[in-house]
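Please look through the structure shown here before reading on.

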Amino acid sequence: YFQSCDAILFLLSPEMIADPRKCEREMMNFTVMINQVTEGGGKGLRIPIGLMVTKADGIAGFENESQVALIGRKADYLKAKSFKEFVDGICNQYHVARNIVFQEQVRKTLGNLALFFDFLMTLSMEFQVFFVSSVGHVRKAETPDGKLVTRPPEDPDGIGVKAPFLWVVE
């Protein structure tokens, strides 16, 4: 099924990323998928791979489209660096660093995904990390019993949903 695919977009929720056991399980799923694409070899992957962090509207500091694609066009060289240099470089880009809260969330998210990147960076230089929200900015609302709950906006307007697909076709 996967052997003739043109790209892989792997979706990861913030809740999964924050849970080491769930993250490890998803890493195994990712490895299985990559092995299917490469017919078990895992070497020289020649298709783009996008890691999509979903529900980004719930991530502190996530504000707009400028924060969707983490690896800026001039930062591709970071993919050839060590993981620490990669994370530091990503976090020092203007679109990440201009919001210190978001910068810390990015650093934490990438750190939790270290296993993904350790594996991915040995396979391909064609990857990107996307922060996406299918509904846009959520709002907090109080229930009749006084609890704060998250509600989608009245008029959902996704942030970054198209970006991974446009990146694949480029």
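The buried residues of α6 pack against β1, α2, β2, α3, α5 and β3. Here contact means heavy atoms within 4.5 Å, and buried means under 20% relative accessible area, with exposed over 50% and partly exposed in between (1.4 Å probe, protein chains only). The element names follow DSSP runs numbered from the N terminus, namely helices (H or I, at least four residues) and strands (E, at least two). In α6 the buried residues are F116, F117, F119, L120, M121 and L123.

The model is a predicted one, in which local features need pLDDT of at least 70 and side-chain atom pairs count only at pLDDT 80 or more, while totals for chains, interfaces and linings use all residues. Residues are numbered from 1 along each chain as its sequence is written, and side-chain values use heavy atoms, with hydrogens and water left out.

In soluble globular proteins, nonpolar side chains tend to be buried together. The largest nonpolar core of this model has 48 residues; such a core is a set of buried Ala, Val, Leu, Ile, Met, Phe, Trp, Tyr and Cys residues joined through side-chain atoms within 4.5 Å. F30, L70, F86, V106, F116, F117 and F131 have the most contacts inside this core. Two or more core residues come from each of β1 (8-12), α1 (14-18), α2 (20-37), β2 (49-53), α3 (83-91), α5 (100-112), α6 (114-123) and β3 (127-131). Leaving aside residues up to four places away in sequence, F30 touches F10, I49, L51, F116, F119 and L120.

Helix α3 also has a buried side. Its buried residues are F83, F86, V87, G89, I90 and C91, and the elements covering them include α4, α5, α6 and β3.

Side chains of opposite charge can pair when their charged atoms come close. A salt bridge is counted when a side-chain nitrogen of Lys or Arg lies within 4 Å of a carboxyl oxygen of Asp or Glu, and by this rule there are six. One of them joins K84 and D88, at 2.7 Å from N to O. Because K84 and D88 are four residues apart in helix α3, about one helical turn separates them. K84 is exposed, with a relative accessible area of 57%, whereas D88 is partly exposed at 24%. Salt bridges with shared partners bring K84, D88 and R107 into one network.

R98 and E63 meet through their side chains at 3.6 Å, N to O. This pair links distant parts of the chain, 35 residues apart, with R98 in the loop between α4 (94-97) and α5 and E63 in the loop between β2 and α3. R98 is partly exposed, at 35% relative accessible area, and E63 is partly exposed, likewise at 35%. A further bridge connects R73 with E170, whose closest N and O atoms are 3.4 Å apart. R73 lies in the loop between β2 and α3 and E170 in the segment after α7 (163-169), so this pair ties together parts that are 97 residues apart in sequence. Both R73 and E170 are exposed.

β3 and α7 each supply at least two lining residues, and α7 gives the largest share, four residues.

Two loop positions complete the picture. K55, in the loop between β2 and α3, has a positive phi of about 55° although it is not a glycine. G136 lies in the loop between β3 and β4 (139-142) and is buried, at 3% relative accessibility. Residues up to four places away in sequence aside, G136 touches D57, D157, G158 and I159.
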